[in-house]
Structures are given as C-alpha cells and as structure tokens.
Amino acid sequence: MPSLDRLQQKLGGPHFEVVALSIDRGGVFAVETFYEELDLRALQAYVDPSAEALAKLGAVGIPLTVLVDRSGRELWRVAGPVRWDDPQVVARIARYLAPSRDSCARGQSRRKRGSCVRASVDERAAGHRS
C-alpha cells in the first residue's frame with residue numbers, strides 16, 4: 001500500500017487516480033485507520049465490503065490490479081504484489097497517460113503507447129502492504 005500511495009503522489013491528477021478498493025468488512029473506518037497506521041496520505045478510501053467487484057472482475061485472488069482507460073476498457077491486469085513506485089512500473093503507466101497528438105486532438109482513447117487515456121489502478125487489497 002505504501003508504494004501505491006507513492007504512485008498516486010507521482011502520477012495522480014486529472015488523468016490518473018489510484019483506486020485502492022478494500023474488501024474489508026469493517027468499512028471505511030477500518031480502511032481509514034489502516035491508512036493512518038501506514039501514514040498513507042495520497043490515497044482515497046474506497047470500500048466494497050461485499051467483494052462484489054472481485055466477482056465482476058473475475059478475480060481469483062487478491063491483490064488484483066487493473067489499469068483501466070477513461071472509457072472503462074481494461075488495458076492490463078496484474079495478480080499479486082507489485083512495487084508500484086519502481087521507476088520501470090511508473091514509466092510503463094506514464095506511457096499510457098502521455099497524449100498522442102492524433103488521439104487527443106480527436107478526443108479518442110486507444111490502447112497503444114502514447115494514447116490519451118484516463119487511467120486508474122484498482123487494487124483489491126484489504127490489508128495488502130506492498
């Protein structure tokens with residue numbers, strides 16, 4: 001979770017947000033307490049205590065991370081922990097955020113490098129501390 005917080009600090013803004021979705025049945029209070037314990041300041045608390053999102057995504061376990069463009073299309077997914085503030089990982093994500101002259105001029109999104117995308121990383125990681 002600290003590396004996701006650092007990723008949000010680095011890339012967060014109008015075109016990117018880390019959506020760390022907790023499935024903790026303790027609700028928002030439990031998630032906010034957990035965030036305080038880890039001194040997470042950039043992440044917002046998102047909670048799905050029913051874990052319905054996991055089923056809808058076809059997840060077989062957590063953590064699961066999905067990069068989604070602004071149209072809701074999945075660009076890639078990662079099962080398992082990742083060091084999200086690693087420079088190579090940040091660079092890979094940033095490539096999806098970099099506007100291409102053609103696609104942004106027409107207001108389109110594409111799944112290629114240099115596309116104009118709204119992306120979010122979505123981790124179902126109740127208690128995950130990467």
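The side chains of Arg83 and Asp85 form a salt bridge in this predicted model, with an N to O distance of 3.6 Å. Asp85 also meets the side chain of Arg6 in a salt bridge, at 2.3 Å from N to O. Arg6 lies in helix α1 (residues 2-11) and Asp85 in the loop between β4 (74-79) and α4 (87-97), so this pair ties together parts that are 79 residues apart in sequence.

Asp85 is buried, its relative accessible area being 10%. Arg6, at 30%, is partly exposed, and Arg83, at 52%, is exposed. The value for Arg83 counts as exposed because the cut-off for that class is over 50%.

A search of the whole structure finds 6 salt bridges. Among them is one between the side chains of Arg41 and Asp39, with an N to O distance of 2.8 Å. Arg41 is exposed, with a relative accessibility of 68%, while Asp39 is partly exposed, with a relative accessible area of 44%.

| Salt bridge | Distance, N to O |
|---|---|
| Arg6 and Asp85 | 2.3 Å |
| Arg41 and Asp39 | 2.8 Å |
| Arg83 and Asp85 | 3.6 Å |

In β1 (residues 16-22), 7 of the 7 residues are buried, so the strand is largely enclosed by the rest of the structure. Both of its faces are covered: one side carries the buried residues Phe16, Val18, Ala20 and Ser22, and the other carries Glu17, Val19 and Leu21, which are also buried.

Strand β1 pairs with strand β2 (residues 46-47) in the parallel sense, over 2 bridges. In this pairing, Ser22 stands opposite Val47 of β2. The two strands belong, together with helix α2 (residues 27-38), to a right-handed β-α-β unit.

The confidence of the prediction should be read alongside these features. The protein has an average pLDDT of 81, and 76% of the residues score at least 70. Over residues 101-130, however, the pLDDT is below 50. Beyond near neighbours in sequence, that stretch has 118 contacts in the model.

Methods:
Residues numbered from 1 in each chain as written. Predicted model: local features only at pLDDT ≥ 70, side-chain atom pairs only at ≥ 80, totals over all residues. Heavy atoms only, no water. Salt bridge = Lys/Arg side-chain N within 4 Å of Asp/Glu carboxyl O. Helix = DSSP H or I, 4+ residues; strand = E, 2+ residues; numbered from the N terminus. Buried < 20%, exposed > 50% of the residue type's maximum accessible area, 1.4 Å probe, protein only. pLDDT = per-residue confidence, 0-100. Contact = heavy atoms within 4.5 Å. Pairing = 2+ DSSP bridges. Right-handed = clockwise from strand over helix to strand, strands pointing away.
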